[in-house]
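Please read the numbered points alongside the sequence and the model.

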Amino acid sequence: MPSGEPAAVPTVWPGVAYPLGATYDGAGTNFSVFSEVADRVELCLIGKDGSEERINLEEVDGYVWHCYLPTVTPGQRYGFRVHGPWDPAAGHRCDPSKLLLDPYGKSFHGDFEFSQALFSYDLNAEDLASGGTPPRIDSLGHTMTSVVINPYFDWVSDRAPRTPYHETVIYEAHVKGMTQRHPGIPEGLRGTYAGLHHPVIIDHLKSLNVTAIELMPVHQFLHDHRLIDLGLRNYWGYNTFGFFAPHHEYAANKHAGGAVAEFKTMVRAFHEAGIEVILDVVYNHTAEGNHLGPTLNFRGIDNAAYYRLLDGDLRLYKDFTGTGNSLNARHPHTLQLIMDSLRYWVMEMHVDGFRFDLAATLAREFYDVDRLSAFFDLVQQDPVVSQVKLIAEPWDVGEGGYQVGNFPGLWTEWNGKYRDTVRDYWRGEPATLGEFASRLTGSSDLYEATGRRPSASINFVTCHDGFTLNDLVSYNEKHNEANGEDNRDGESHNRSWNCGVEGPTDDPDILALRGKQMRNIMGTLMVSQGTPMISHGDEIGRTQRGNNNVYCQDSELSWMDWSLCEKNADLLEFTRKVTQLRKDHPVFRRRRFFEGKPIRSGDQVRDIAWLTPAGEEMTLEDWGTGLGKCVAVFLNGDAISAPNERGERVVDDSFLLCFNAHDRPQHFVTPSGYYAKEWTAALDTADDTGSTELVAKAGEKISLPARSLLVMRKTA
């Protein structure tokens with residue numbers, strides 16, 4: 001049989017219930033799909049001409065319907081039709097007129113045509129929530145199809161870098177946005193997995209000392225009908241319907257199933273460069289939306305199993321995500337799908353970790369967020385998933401959804417409190433010095449009680465969601481008019497400061513201040529204990545022209561402008577300098593929290609000391625005074641308690657970090673006595689590239705310019 005064409009009279013063997021999905025073994029393909037509600041399930045083989053061959057699945061084990069077709073090879077397109085109750089009031093929405101995509105599909109082909117055919121209710125009905133008799137219009141030809149893939153790939157000698165968290169620098173990136181405008185990438189590879197691992201991208205990341213690239217969603221996702229009607233697209237991709245498939249639009253290889261091999265090639269190339277690949281994954285909801293959404297796969301296969309339904313009205317969906325539905329992580333088969341997906345991406349696609357979007361949703365057993373939920377139990381005991389990087393976005397939009405610091409011991413978290421504190425500090429907002437001190441030293445108040453280390457705090461000031469670093473210092477207000485929602489979307493409280501003028505300006509003083517503020521934030525990020533994350537393009541001053549919610553902007557507004565490498569060369573050079581400083585000095589990336597105690601009995605030198613501008617250790621009274629904008633921190637490189645991987649003592653230089661967030665210069669006195677005899681500046685944000693030749697003796701008064709950070713190294 002030619003690849004991709006169904007057999008005229010297919011031979012059907014019983015097959016097996018696991019693994020779920022379509023599994024090619026080198027000779028034929030096993031098909032398997034779960035549905036507890038189904039009365040009958042048909043496997044539909046789709047020809048390249050759109051013809052359909054239906055095969056009734058006779059074998060059912062534990063609600064898993066399956067067969068083996070010895071003649072089916074990679075490239076074959078397929079789907080399922082599920083026969084069962086149409087009873088929305090009971091939570092059931094079976095509609096055999098819909099060709100359903102495989103929840104375990106490894107690849108998808110085609111596109112969606114948003115018409116009546118995709119919906120299981122009359123789009124013209126007055127009561128769209130009534131759940132009346134569906135119109136039964138066949139969706140074949142209007143929907144995508146699943147594709148059997150070839151799972152075999154030559155990984156050569158691929159090895160996971162397995163970079164320890166305390167040595168990790170994460171770079172959050174968008175596959176298309178990172179590559180679409182790069183002049184060094186061949187035009188046919190821009191916006192693709194192949195373009196992302198081009199040497200010019202890898203060289204750029206290596207120059208920034210990046211150890212892990214965190215990709216915004218690459219699971220197969222849907223472009224919302226509403227956005228398409230507005231001439232927009234779901235650029236970010238937080239709208240998954242295929243949890244096992246790399247998004248096909250990001251593949252330069254447009255052949256059915258081509259995205260899989262291209263993605264694997266990308267991972268292999270990053271690993272060769274020593275860079276880990278982390279995926280931003282969206283297991284909290286799917287692209288089918290609420291009760292008014294299309295019937296693509298989960299809804300028609302087993303609606304009540306896959307989704308959280310409203311207790312008082314099973315026609316409707318619980319929505320902890322703001323997207324219309326929430327996956328039912330309480331159901332064993334939904335949990336199995338999530339865990340199978342995670343293991344697949346680790347074992348078959350070789351990724352190194354995951355960042356879980358709105359992770360609090362996965363912890364909701366009933367309504368409240370539960371740290372002991374079944375999902376966390378499964379992750380904890382899983383021999384594969386428990387060994388990779390697990391990063392939580394520790395909130396959702398439901399009640400009690402803000403859970404920063406409350407995830408279990410295996411997990412690291414996007415530290416939203418770090419983001420807010422650093423933003424407020426550098427824009428001059430009133431804040432307690434204790435809060436700033438906690439964030440700078442790894443947020444022990446959030447993570448130590450659960451046995452976690454400073455690296456549990458994923459420190460970030462900007463990310464895909466919100467202002468870029470450049471816009472954070474250039475706009476007081478969001479400017480999202482291009483999104484078609486009258487600027488109502490996106491966060492309104494951004495903790496930003498435009499430095500005197502809203503948006504673009506030619507004023508040299510304001511531009512100089514903005515540049516210094518960006519260096520202050522990037523510098524603070526890299527000298528903070530924890531795991532730093534850079535948002536793509538911040539190192540070159542990328543702007544979205546004040547739009548803080550470019551989720552629908554697949555355009556130059558959201559893509560990286562690589563010409564900024566030349567325009568903002570100073571910022572790029574500064575970022576490289578400060579990431580190298582962090583890499584070279586383990587005192588900035590300690591594995592354990594500071595103790596604040598003398599390092600030896602009778603020795604007054606602590607592992608950390610907080611100093612007033614007068615060079616004296618702060619007292620309890622000092623912590624409550626107005627010194628919160630002007631403070632120095634002594635980091636003792638001779639007092640690093642945790643040994644290296646060989647059990648050897650770690651010794652580093654000692655540093656003095658001098659912060660001045662005031663709008664005027666401030667005099668600092670370098671500490672004398674047992675701290676040091678001489679200090680030499682290692683980084684100065686008052687200079688465009690962070691360079692300076694400042695040398696100061698102990699007890700010497702130095703002037704720190706307004707809104708600047710000075711990093712001094714002990715040299716005698």
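1. Helix α13 covers residues 508-527, 20 residues in all, and spans 28 Å from its first C-alpha to its last. That is close to the expected 28 Å, the expectation being 1.5 Å times one less than the number of residues. Helices here are DSSP runs of H or I with at least four residues, strands are runs of E with at least two, and both are numbered from the N terminus.

2. The model is predicted: local features need pLDDT of at least 70, side-chain atom pairs count only at pLDDT 80 or more, and totals for chains, interfaces and linings use all residues. Residues are numbered from 1 along each chain as its sequence is written, and side-chain values use heavy atoms, with hydrogens and water left out.

3. Most of α13 is covered, with 16 of its 20 residues buried; buried means under 20% relative accessible area, exposed over 50%, and partly exposed in between, with a 1.4 Å probe and protein chains only.

4. The protein as a whole has 16 helices and 31 strands. Its radius of gyration is 27 Å, close to the 27 Å that the globule rule gives for 716 residues, so the protein is as compact as a globular protein of that length. The radius is taken over C-alpha atoms, and the rule is 2.2 Å times the number of residues to the power 0.38. Along the principal axes, the C-alpha atoms fill a box of roughly 90 × 55 × 55 Å. Of the 716 residues, 61% count as buried.

5. There are zero disulfides in the structure, a disulfide being a pair of cysteine sulfur atoms within 2.5 Å. The sulfur of Cys499 has its closest cysteine sulfur in Cys630, 19 Å away, which is too far for a bond. Cys658 is likewise in no disulfide, and the nearest cysteine sulfur, that of Cys630, is 8.6 Å away. Cys499 is buried at a relative accessible area of 6%, and Cys658 is buried at 1%.

6. Met339 belongs to helix α7, residues 332-347, and is buried at 4% relative accessibility. Leaving aside residues up to four places away in sequence, Met339 touches Phe375, Leu378, Val379, Asp382 and Val385, where contact means heavy atoms within 4.5 Å. The C-alpha atoms of Met339 and Gly503 are separated by 45 Å, the two residues being 164 apart along the chain.
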